[in-house]
Amino acid sequence: FLGPIPQLSAISGHLWLTVVSIGAQGLGSAFSYLGSLLFMMKSVQGAGLPDTEQVSSMVSSLWVVSDCLGGYIGSLLGSVAYDNLGFQNGTLIEGSCLGVTAILISVYYFIHHNKSAQSNKKVDENANANKVEQGEVDDVADITRQSNETSSLRSNNLAAH
């Protein structure tokens with residue numbers, strides 16, 4: 001986004017800008033590299049699979065194979081883009097692909113996050129209704145207080161992860 005993209009020709013031609021741009025792209029790749037493994041491990045636990053060494057090994061293996069395949073395909077397509085379009089236009093294509101990927105992941109996260117928040121709220125409401133029916137709670141103020149405590153704990157837990 002910052003580097004030698006032809007549409008940003010007004011600020012191009014500076015070596016330091018190209019170095020900073022490629023460094024920013026490297027940082028973004030590093031964050032997504034480890035983040036993807038953590039997300040895969042968390043998804044396995046969320047799917048209800050057992051937390052065993054075998055499951056962790058299989059997920060790690062899938063991650064490594066995907067990384068190697070991505071490295072091969074990325075190098076292949078990158079060299080084709082460089083040969084046919086040059087460094088500047090190839091960088092534009094790479095930046096566009098990364099931008100689309102970031103947008104898709106963000107949309108998925110927000111949709112998934114909202115669904116899980118809504119399902120947690122429904123679970124809380126059902127649990128509170130059961131408590132009222134069984135006479136475990138004296139009044140609505142107790143339910144509101146308990147619901148607020150549960151929401152606060154979930155918020156703290158999400159912020160910690």
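Reader: What is the secondary structure of the chain?

Author: The model is predicted, and its chain comes to three helices and zero strands. From the N terminus on, the elements run α-α-α.

Reader: How many residues does the chain have, and what percentage of them count as buried?

Author: The chain has 161 residues, of which 12% count as buried.

Reader: Let's go to H1. What span should it have, and what do its end C-alpha atoms give?

Author: Helix H1 covers residues 15-46. At 1.5 Å a residue, its 32 residues should span 46 Å, and the end C-alpha atoms are 46 Å apart, which agrees.

Reader: Which residues in H1 are buried?

Author: Leu17, Ser21, Leu37 and Val44 are buried in H1.

Reader: What about Gly28, where is that?

Author: Gly28 is also a residue of helix H1. Its relative accessibility is 37%, so Gly28 counts as partly exposed.

Reader: New topic. How many aromatic pairs are there in the whole structure?

Author: A search of the whole structure finds two. One of them is Phe39 with Tyr108, with ring centres 6.5 Å apart.

Reader: Why is that pair called edge-to-face?

Author: Because the planes of the Phe39 and Tyr108 rings are at 85°, and planes over 60 degrees apart count as edge-to-face.

Reader: Where do Phe39 and Tyr108 sit in the chain?

Author: Phe39 is in helix H1 and Tyr108 is in helix H2, 69 residues apart, and the pair links distant parts of the chain.

Reader: How do Phe39 and Tyr108 count by relative accessibility, then?

Author: Phe39 has 46% relative accessibility, so it counts as partly exposed. Tyr108 counts as partly exposed too, at 48%.

Reader: Which residues make up the other pair?

Author: Tyr109 and Phe110. Their rings are 5.4 Å apart centre to centre with 70° between the planes, and this pair is edge-to-face as well. Tyr109 has a relative accessible area of 45%, so this residue is partly exposed.

Reader: Back to the surface. Which residues form a nonpolar patch there?

Author: Leu69, Tyr72, Ile73, Leu76, Leu77 and Val80 form one, with about 580 Å² of accessible area together.

Reader: Take Leu69. Where is it, and how does it count by accessibility?

Author: Leu69 is in helix H2, which covers residues 53-134. Leu69 has 49% relative accessibility, so it counts as partly exposed.

Reader: Last one, on contacts. Between residues at least 6 apart in sequence, what percentage join residues at least 24 apart?

Author: For the chain, that comes to 45% of such contacts.

Technical notes
Residues are numbered from 1 along each chain as its sequence is written. This is a predicted model: local features need pLDDT of at least 70, side-chain atom pairs count only at pLDDT 80 or more; totals for chains, interfaces and linings use all residues. Side-chain values use heavy atoms; hydrogens and water are left out. Patches are made of residues with over 30% relative accessible area and no salt bridge: like charges are joined within 9 Å, nonpolar side chains (Val, Leu, Ile, Met, Phe, Trp, Tyr) within 5 Å. Accessible areas come from the Shrake-Rupley method with a 1.4 Å probe; for residues, only the protein chains shown count as cover. A salt bridge is a side-chain nitrogen of Lys or Arg within 4 Å of a carboxyl oxygen of Asp or Glu. Helices (H or I, at least four residues) and strands (E, at least two) are DSSP runs, numbered from the N terminus. Buried means under 20% relative accessible area, exposed over 50%, partly exposed in between (1.4 Å probe, protein chains only). Rings of Phe, Tyr and Trp (its six-membered ring) pair if their centres lie within 6.5 Å; planes under 30 degrees apart count as stacked, over 60 as edge-to-face and the rest as tilted. The expected span of a helix is 1.5 Å times one less than its number of residues. Contact means heavy atoms within 4.5 Å.
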